[in-house]
Amino acid sequence: MPLAHHYATVVTWTGNRGTGTSGYRDYGRDHDVTAEGPPPIAGSSDRTFRGDPERWNPEQLLLAALSQCHMLSYLHACADAGIVVTSYVDRAAGEMTTRAGSGQFTEAVLRPEVTVASPEMVETAVKLHDDAHHACFIANSVNFPVRHEAVVTAG
């Protein structure tokens, strides 16, 4: 039987410049994302949509969630397989297209650079990215392709 997990966040708009949403250019896109426990995330919209480039936008947060989930699933798979990961960095990229006032992600590409403890671990470490992809809760929840282009080296 499936086990349900529940999550809660609060998004609070902080961009009222005194006249609310009286016009498209009259309000800020700034907001705070909070949850019980961690510190707030300062959010906005993408600069293209009049947002503050110094704050996280929803598209970046979605890509970060995909990257985090893959990494955590991968580290778990490696630990279970006896693969010792000593370093992991992912430089992920995503593409979103817009049309007629709407948009959607068309693809995300994860590019993890992984270092493992010994050369005999490299082949298995590369293969475990497929397992991690299938185990990732976030990748299983989106309606666009999530690919990974992993590089694994021994260090």
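This report describes a helix, the cysteines and the salt bridges of one protein structure.

The structure is a predicted model, in which local features need pLDDT of at least 70 and side-chain atom pairs count only at pLDDT 80 or more, while totals for chains, interfaces and linings use all residues. Residues are numbered from 1 along each chain as its sequence is written, and side-chain values use heavy atoms, with hydrogens and water left out.

## Helix H1

Helices (H or I, at least four residues) and strands (E, at least two) are DSSP runs, numbered from the N terminus. Helix H1 covers residues 58–81, a run of 24 residues. From its first C-alpha to its last, H1 reaches 34 Å, close to the 34 Å expected at 1.5 Å a residue; the expected span is 1.5 Å times one less than the number of residues. At the N-terminal end, Asn57 caps H1, with a side-chain oxygen 3.0 Å from the backbone nitrogen of Glu59. Gly82, whose phi is positive, near 80 degrees, follows the helix.

Residues are called buried under 20% relative accessible area, exposed over 50%, and partly exposed in between (1.4 Å probe, protein chains only). Among the buried residues of H1 are Leu63, Leu66, His70, Ser73, Ala77 and Cys78. An α-helix has 3.6 residues a turn, so residues three or four places apart point the same way. Ser73 has a relative accessible area of 15%. Leaving aside neighbours within four places in sequence, Ser73 is in contact (heavy atoms within 4.5 Å) with Ala132, Ala135 and Cys136.

## Cysteines

A search of the whole structure finds 0 disulfides, a disulfide being a pair of cysteine sulfur atoms within 2.5 Å. For Cys78, the nearest cysteine sulfur belongs to Cys136 and is 14 Å away. Cys78 is buried at 1% relative accessible area, and Cys136 is likewise buried at 1%.

## Salt bridges

The structure holds 7 salt bridges, each a side-chain nitrogen of Lys or Arg within 4 Å of a carboxyl oxygen of Asp or Glu. The table gives examples.

| Pair | N to O distance |
|---|---|
| Asp32 and Arg55 | 3.7 Å |
| Arg111 and Glu149 | 3.2 Å |
| Arg147 and Glu149 | 3.0 Å |

Asp32 in strand E2 and Arg55 in the loop between strand E3 and H1 are 23 residues apart. Asp32 is partly exposed, at 27%.

Arg111 forms a salt bridge with Glu149. Arg111 lies in the loop between strands E6 and E7 and Glu149 in the loop between strands E8 and E9, so the pair ties together parts that are 38 residues apart in sequence. Arg111 is partly exposed at 33%, as are Glu149 at 35% and Arg147 at 36%.

Note on methods: Polar contact = N/O pair within 3.5 Å; in protein donor to acceptor, adjacent residues only side chain to side chain.
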